[in-house]
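Please examine the structure shown below.

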Amino acid sequence: IIMKKYFYGFCLIFSSLLVTLIFIEIVLLCFPVNQGLRTQAVNESFPIFRFKPNREVQYSKNWNFSLQNRVKINNVGFVSDFDYLKGLTSPLLAIIGDSYVEALMVPFHKTLTGITSDIAKANGGRVYSFAASGAGLSQHMVWAKYARKTFSPDAYVFVIIANDFMESLQSYESSPGFHRFKIQSEKDWSMVLSEYEPSILRRLLRNSRLAMYMVTNLKIHGKLGIPLILGKKDKRVKYVGNVEFDYNKQFWRDAKLAANIYLNNLPEWTDVSESKILFIIDGIRPDLYSEQKLSATKDSFWYKMREYFISEANIKGYQVIDMQNIFLKNYTENKIKFEFKNDLHWNQYGHSVVSKALSSSNLWNEIFKN
């Protein structure tokens, strides 16, 4: 009788919990919960990081959905409102980067890719982008080779932000799905893939509004101190850009090696000359809005690495757009910030300023206005 009583009690509790969870699932159907892009398996059989193709999904951020957007994944698994087609002969520019190019929080036609694509169309050309959050310099190279073999771009644009260097090094970053440098020296290095295979549990949870809300909107794993999926920043540490202000000699050495390998090998991986490759270097935001704050960044990793990377790229004959001075001049004139209040990524205005800089560049004129 006692066991029967406990059994009925357990069933009652379980049923109540189940009904509550189902109720929450139904309620969340009324809210723009982040649905996720659904990264596909990345392995030796198909080593290209991409998302489940031909989908339109809801993107949102934060518990109150303060950033919202509808996102389309195209036929080859990248964020784009249009499909990428093989075999065309019209001029093609490939834009490669991380979440700044992916730009989930901005309507596509207002992004760097969307804006420049519309401009290129008017000149009989195309712009395709290859990007995902978490990609570093090493992953840029992998996508560049994929783009070269699949679509044969005439030129390439790479967007460089502060954490691209760390995220390209196997010894500092291990999130699955990306290729990273394993470096012994500048001439002795290899590309290592951290394979990704979505588990059955992950595939199931992708279909739960409650699970997606907890992981992608609330980021509950970070709040519980579990940095296994997306990680979290220590608020006590000072950041410039999206990397720590301070750095040791070993990290500086490793980051420089990553930059050198990248700059030395891009022409081979893209099969174009340095003059057909352009780097867009992000500014030191949000510190650039204050002369005092900007001055205080001069000993930071991002300040020093920007100087080093731009100098080396210029020496080697690459084209460079340094957004720092462009952003400073624009902000002085218009007093409009280039990122969201609650997110460091470029907002619509930021994308428009970057797009104008790109479409006014020498590379752009060489590709689309000859």
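In this predicted model, residues of helix H4 meet residues of helix H8: on the H4 side these are Leu 137, His 140, Met 141, Val 142, Ala 144, Lys 145 and Arg 148, and on the H8 side Ala 258, Ala 259, Tyr 262, Asn 265, Leu 266, Glu 268, Trp 269 and Thr 270. A packed pair of helices is described by the angle and the distance between the two axes. For H4 (residues 137-151) and H8 (residues 249-270), the axes come within 10 Å and cross at roughly 0°. Angles under 35 degrees count as roughly parallel, and H4 and H8 are therefore roughly parallel to each other.

His 140, one of the H4 residues that meet H8, is also in contact with Val 159. Val 159 lies in strand E5, which spans residues 155-160. Because its relative accessibility is 0%, Val 159 counts as buried. Beyond its neighbours within four places in sequence, the contacts of Val 159 include Ile 95, Ile 96, Gly 97, Tyr 100, Val 101, Leu 112, Asp 164, Ile 280 and Trp 346. Leu 21 is 138 residues away from Val 159 along the chain, and their C-alpha atoms are separated by 42 Å.

Glu 102 belongs to helix H2 (residues 99-102). The Glu 102 side chain does reach the backbone nitrogen of Ser 133, at 3.3 Å. With neighbours within four places in sequence set aside, Glu 102 is in contact with Leu 37, Phe 51, Val 79, Ala 131, Ala 132 and Ser 133.

Definitions and conventions:
Residues numbered from 1 in each chain as written. Predicted model: local features only at pLDDT ≥ 70, side-chain atom pairs only at ≥ 80, totals over all residues. Heavy atoms only, no water. Helix = DSSP H or I, 4+ residues; strand = E, 2+ residues; numbered from the N terminus. Polar contact = N/O pair within 3.5 Å; in protein donor to acceptor, adjacent residues only side chain to side chain. Contact = heavy atoms within 4.5 Å. Axes fitted to C-alpha atoms, helices over the stretch in contact; angles between N-to-C directions. Parallel < 35°, antiparallel > 145°, perpendicular 65-115°, else oblique. Buried < 20%, exposed > 50% of the residue type's maximum accessible area, 1.4 Å probe, protein only.
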